[in-house]
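Please walk through this two-part reading with the structure open beside the text.

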Amino acid sequence: MSLLSAEGLVKEFGGLRAIDELSVSIDDGELVGVMGPNGAGKSTFFNCVSGVIPPDDGTVTLKGTDVTGDSPESLAHRGLVRTFQNTRELETMTVRDNVRLAAPDQPGERTLPALLRSGSMTEREAAVRERADELIEMFELDHLADEYSSNLSGGQRKLLELARTLMLDPDVLMLDEPFAGVNPTLTREIADHVRDLNADGMTVVIIEHELETLTELVDRLVVLQQGRLLVEGDPEVVLEDERVIEAYLGGDAE
Amino acid sequence: MSVLDRLPSGHGDRALIAGVVCLLVGALFALTPLRVQLPSAFYVFVEVGILFVIYGILVLGLDLQYGHTGLVNFGHVVFFAVGAYATAMLSAQDTFAGIGLGYPWPLGLAVGVIAAAILGAAVSLTSIRLRGDFLAIVTLATAEIFHSVFVNFEDIFGGNVGILGVPRPIAALVADGDTRLVATLLVLGGITLLTFTVVTRLTHAPYGRVLRAIRADELVTRSVGKSTITYKTQAFVYGAALAGLAGGLFALYNGAVAPGFFTIQVTVTIWIGMLLGGAANHRAVLAGLAIIMGLRLVSRFALDVTPVSSDVFASARLIVVGLILVAVIRYRPAGIWGDAQELGVDQ
């Protein structure tokens, strides 16, 4: 059974159909790549699925529940977490706080436990700190842990964003161009992390332009064009598909 | 070193202890025949000090909204005013104009806090989902609307005269003028310190981490599962309730409320104090407020020795305040003690 599925999604921006009757289904434990030329609707698809913008039509189903139009925070609670194309760090917070923030179930995020310094808050915070430090170390950001994240390089920001999302221990991880603007070494490192996470059972959906890394990484490629599903299937097969070659090389860049 | 790496720590507990000590000593003066005598030069310091601790509660609430959560409230005085009027109208014995219900003052104070919180919730409901600048406009407008209402509905709010005959609990206990002033300063200062403890505990806890995350990027905060609307509403309502508390205390200290006490000047003073000291830092905002109010004090003395008229002097003081603000924003954009990186104003 599919873990996450979009049925007939439509989103228009002022008469322009960014996505048009788009249906994509993702199975539990899959590692899926989403590609397509600029303006194909990849990010809009992500935005509609992750609750950032509500779709005009169609349904999104997560673990068998209709979650169409649910807020990003409610989807995060249901186990779907995403990153953003232009990394969005909480620049005015330290690396540590960026990661710790994402911890779920912290009673200290409510007024009364915070005011009373409840034991449950302190206890939970100790666990949160330990887990956050583990993730920071795993992504080799430990030497930057107390820096404000505005001081991080582009690649380090991608790592931090990944660490922050993992704090939530999601079932579905949606990565919007995780390799964009990242040097080859770091790209390999991020790809390795993604592969490991997937091997541990996390379902991952990736938008990416870096085709070489993407095709090596994913089980299945979904190619979008002008808001519609063009081709999907095994990466090797998809890349040989004439329609894909046409979309990428033959047609105009937009 | 990160300033945010602070839980669980003892910060704020010193303020808690100091606050309780202040309250106890204040109570000692109020309830025993113990008397103090102030040198006459000290008089004005204590009076301005009392206003400072009341405004201190205002600036701590505003900083919770703006400094920590990024909510722009240009009408903070309205919550101060509503708290003051509600307290005054509920507890005033025989007011000259307007309504005075004569209930016990603790009830009045409680209603003052609740009324300000309700107004805060109403403003939040209408504006907090919108982009930040809308909240700024709505709060500014709300303050203006209430100001006209207080002035024009004379039968209810007493017009320009306001509500008189508000009970003064400390004055009722202490007949001696000097002792009364000192006791008032200690009791109100103690309450300000307790407020400091409350906001410090909130902002140092994971709760404050969520608030700062909202200030940094609301969408990211939502995408990691935090219901940001709830937090923004809470921060706004808490700030409003604190302003209501300050208003109630002001009414019970002053014995009367009138529109003249609640002009936009109050909002401007606490904003300048907050920005001057450094937003998102409780001690800094209080220090900034102290500078602004201290300047007023200094100018009071300076007036005696300058050859210009008081009008000219008042304008000159505004110019000085303006120049200081320009200099701070130019050279220390995060305020004197503010953290430029935390406030995102470096470069």
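What follows treats a sheet in chain A and then the contact between chains B and A.

This is a predicted model: local features need pLDDT of at least 70, side-chain atom pairs count only at pLDDT 80 or more, and totals for chains, interfaces and linings use all residues. Residues are numbered from 1 along each chain as its sequence is written, chains are lettered from A and ligands numbered from 1 in the order in which they are written, and side-chain values use heavy atoms, without hydrogens and water.

Start with the sheet. Six strands of chain A form an open sheet in the order β6-β7-β8-β3-β9-β10, with mixed pairing. The edge strands are β6 (80–82) and β10, each pairing on one side only. Strands here are DSSP runs of E, at least two residues long, and helices are runs of H or I of at least four, numbered from the N terminus. Two strands pair if DSSP finds at least two bridges between them.

Now take β3(A), residues 31–35. Four bridges join β3(A) to β8(A) (residues 203–207), and the two run parallel. Four bridges also join β3(A) to β9(A), again parallel. A:G33 stands opposite A:I206 in β8(A). In β9(A), the bridge partner of A:G33 is A:L221.

Move on to β9(A), residues 220–225. Five of its six residues are buried (under 20% relative accessible area, with a 1.4 Å probe and protein chains only). Five bridges tie β9(A) to β10(A), residues 228–233, and this pair is antiparallel. A:V222 has A:E232 as its bridge partner in β10(A). The two strands form a hairpin with two residues between them, and A:Q226 in the turn has a positive phi of about 45 degrees.

Turn to the interface. The contact (heavy atoms within 4.5 Å) takes 43 residues from chain B and 39 residues from chain A. The buried area is about 3,500 Å², of which carbon and sulfur atoms give 56%. That area is the accessible area (1.4 Å probe) that two parts lose on being put together, summed over both. B:R209, B:V224 and B:Q341 supply 19% of the area that chain B buries against chain A, more than any other three residues.

Which charged pairs cross? The rule finds five salt bridges across the interface, each a side-chain nitrogen of Lys or Arg within 4 Å of a carboxyl oxygen of Asp or Glu. One joins A:E109 and B:K226 at 3.1 Å, N to O. On the side of chain B that touches chain A, α9(B) gives the largest share, eight residues.

Conventions:
Buried means under 20% relative accessible area, exposed over 50%, partly exposed in between (1.4 Å probe, protein chains only).
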